[in-house]
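Here's a quick briefing on side-chain contacts, covering rings and charges. Have a look at the model first.

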Amino acid sequence: MSVLENVLDQYSSRVYKNRKEHMVDVNNNENNNQIAANVRTIPGIITQRGCCYAGCKGVVLGPIKDALQIVHGPIGCSYYAWGTRRHKGKTEEGVDNYLQYSFSTDMQEPDIVFGGEKKLKKAIAEAVDLFHPSTIFICSTCPVGLIGDDIHAVAKAAEKEYGIKCIAYSCEGYKGVSQSAGHHIANNQIMRYVIGEGDREIKSKFAVNILGEYNIGGDGWETERILKRIGYEVVSTFTGDSSIEDLKNAHKANLSLVQCHRSINYIAEMIEERYGIPWMKVNFIGVQGTIETLRNIAKYFNDEELTAKTEVVIADEIGLIADDMAYYKSKLKGKTAAIYVGGSRAHHYQFLLHDLGVSTILAGYEFGHRDEYEGREVLPFIKPDADSKNIESITVEPDKEKYHLYLPEEEINKLKEEKLIDYYGGMIKDMANGTYMVDDLNHFETEEFLKRLKPDIFFSGIKDKFVAQKSGILSRQLHSYDYSGPYSGFRGAVNFARDVTMGIYTPAWSFVKAPWKNTPVLEGTLGGE
């Protein structure tokens, strides 16, 4: 019996049939590597996914430092989306920074019964009085959607009363099947009310947006450092260490770089449709991944001097890390890894692990859609269901004044045919035969796969980290980097290699034995005469 069959065999027939569609033995199946994704988790199964609100407030909006973000809901929801992903943001003169704060209406039972709009209005008034913000976001959680508070009307009234920008996000946790729905909702509102409003002068024709980069552990800063060395101007970053003023000017760039495909592809496509700016899927995780990305960007701009500078910077950066990478590779070569995280991370980190001689034997996404696994060529074959129809999908028209093309249309079409722009190939094309791809890996399956595959390292989020750790398998978080980082770019590769090597060669948890293995936990006496 194969590993997949061993895991699935423990389910009832109904669950077996469902979960089987979420698991692929790569290039060793009769289904052409097709995987089921972005569908509801079976009730009763302990999923590791986050909710719609977590995707909207926690992922996309959370890192925007100068927007005061009020969570309209119980206090517990607010805590979950406050600082749990280590959104780093530099303090700048003249730019507000609210990243260290958590604002909530703290809804109580009477608010659920009688409505919470008055409490929300009071919270906005208090925030304006104390902080004088230029922008307020309102994010709703489950109870708000259930009782029907009209947060959009409250936001409009606040804009009129205080003369500020106030945007509401109906991102109740129960919408959609995972945090992916929240990404979509956040993207729609930013497109509607933020992008295109700026008039800042752009100094370089090599102007780019970085999309889907949330600056975890400082990744965005490292990526930006490399791009600036070459000569690019970063107009805006969605949304790590970003400000509303930066996002307003995104329409002035000449190329959008998409790091996390799932969380931001909506904005990338709408920016292209409205302003003519193509997007390119990039990967700044891993040495070879970064090199390939930098060369692809240079190819798009097609400038001799820029291309030459790209090669100079690549050679210089590699020279600075070569000895460290060789050392860490000597310590890690031959090890195996399993990865279960969201967005494009389970894909990107396979490149970095490959740089270090580590093979990935299992990978999966928490909230990926089929195109994150199989590539965008499957988009026409993905059937919308009731859950996907529940999330608004907006369409945009070209802006007659702000639409611009950096390259002639013919060249853009040629690059599209070459799949250099407007394309993402998905994870499976970079996975070896006989490895495993699993969507929405749950708690039970995590333990079973780790028990059977015995990887040296398990990369995950906080919810599943300690299950592996306490069973003696090294586990590191790729959602917050366990307070380390950055891991992007050339210097980040060394940081990652150092952290993994330290963990592998310090197997503390494998020396810990459960008390019941050394000491009897039951005490008793023999009865009778």
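Which residues do ring pairs link into a cluster? They are F206, Y232, Y300, F301 and Y406. Bear in mind that this is a predicted model, where local features need pLDDT of at least 70 and side-chain atom pairs count only at pLDDT 80 or more, while totals for chains, interfaces and linings use all residues. Numbering runs from 1 along each chain as its sequence is written, and side-chain values use heavy atoms, with hydrogens and water left out.

**Aromatic pairs**

- Rings of Phe, Tyr and Trp (its six-membered ring) pair if their centres lie within 6.5 Å; planes under 30 degrees apart are stacked, over 60 edge-to-face, and the rest tilted.
- By that rule, the count is 20 aromatic pairs.
- Helices (H or I, at least four residues) and strands (E, at least two) are DSSP runs, numbered from the N terminus.
- Y101 is partly exposed at 37% relative accessibility, and F131 is partly exposed at 26%. For these labels, buried means under 20% relative accessible area, exposed over 50%, and partly exposed in between (1.4 Å probe, protein chains only).
- F206 and F301 are also edge-to-face, at 5.5 Å centre to centre and 90° between the planes.
- F206 sits in the loop between α9 (180–193) and β6 (207–213) and F301 in helix α13 (residues 287–301), so this pair ties together parts 95 residues apart in sequence.
- F206 is buried at 12%, and F301 is buried at 2%.

**Charges over rings**

- A charge sits over a ring if NZ of Lys or CZ of Arg is within 6 Å of the ring centre and within 35 degrees of the ring normal.
- K90 has its charged end over the ring of W221, 4.8 Å from the centre.
- K281 does likewise over Y424, at 4.9 Å.

**Salt bridges**

- The count is 32 salt bridges, each being a side-chain nitrogen of Lys or Arg within 4 Å of a carboxyl oxygen of Asp or Glu.
- E392 and R192 meet at 2.5 Å, N to O.
- E392 lies in the loop between α17 (386–389) and α18 (409–417) and R192 in helix α9, so parts 200 residues apart in sequence are tied together.
- E317 bridges to R229, with the closest N and O atoms 2.9 Å apart.
- E317 is buried at 2%, whereas R229 is partly exposed at 32%.
- Salt bridges with shared partners join E222, R225, R229, D316 and E317 into one network.
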